[in-house]
Amino acid sequence: AIRGVGPWVAGRILAARRSWGGVADLSLLVPVLDGWDSLAAALQPAFTCSPDAVTKRCVDSLSVDGWRSLPTVGRKEAESLWRRAKHHPGDIRLILAHPAMDSVRRQTLSHYLRPCLVDG
C-alpha cells in the first residue's frame with residue numbers, strides 16, 4: 001500500500017526481516033535493495049524501524065552461517081567473527097572490536113547481538 005513498493009521491493013524487505021530478525025536501521029534499506037541507494041533514499045520516509053523490536057542472537061551460539069545471516073556480514077567476516085566469538089565467549093565488546101569491523105557495522109550489529117545467558 002506504499003507508493004513505489006511493488007512485489008520486488010516488498011519481497012526483498014520481507015526476506016531481510018525474516019533473515020535478520022527485523023530491520024534495526026533505515027540505512028539497511030540499501031543492502032536490502034541490492035545497493036539501489038536512490039530507491040532506498042526515496043522509500044526511507046515511508047518506513048520506520050525499531051531496534052528494540054529486532055530479534056537478538058546469542059553471540060556464542062552463532063555458526064558461520066548464523067553470522068552470515070546478519071546484515072552487512074559477508075562470508076570472510078562471518079568466518080572471522082565466528083572464530084573470534086570462540087576465543088572470546090560472551091564478550092560482545094571484544095567480538096565487535098574485530099579489525100574488520102568499522103564503526104557503522106559495529107553499531108548495526110550491536111542491535112542484533114546479545115550475550116548468552118549462563119546457568120548457575
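Visitor: As what does Arg75 count, judged by its relative accessibility?

Guide: Arg75 counts as partly exposed, at 42% relative accessibility, where buried means under 20% relative accessible area, exposed over 50% and partly exposed in between (1.4 Å probe, protein chains only). This is a predicted model, in which local features need pLDDT of at least 70 and side-chain atom pairs pLDDT 80 or more, while totals for chains, interfaces and linings use all residues. Residues are numbered from 1 along each chain as its sequence is written, and side-chain values use heavy atoms, without hydrogens or water.

Visitor: With which residue does Arg75 form a salt bridge?

Guide: Side chains of opposite charge can pair when their charged atoms come close. Here Arg75 pairs with Asp65, their closest N and O atoms being 3.5 Å apart, in a salt bridge (a side-chain nitrogen of Lys or Arg within 4 Å of a carboxyl oxygen of Asp or Glu). The pair joins helix H5, which holds Arg75, to helix H4 (residues 64-68), which holds Asp65, helices (H or I, at least four residues) and strands (E, at least two) being DSSP runs numbered from the N terminus.

Visitor: Which residue forms a salt bridge with Glu77?

Guide: Arg105 does, with the closest N and O atoms 3.7 Å apart, and this pair links helix H5 to helix H7 across 28 residues. Glu77 is partly exposed, with a relative accessible area of 23%.

Visitor: Which residues of helix H7 are buried?

Guide: In H7 (residues 103-110), Arg105, Thr108 and Leu109 are buried. They lie on the same side of H7, because they cover an arc of only 90° around the axis, taken from the directions from the helix axis to the C-beta atoms.
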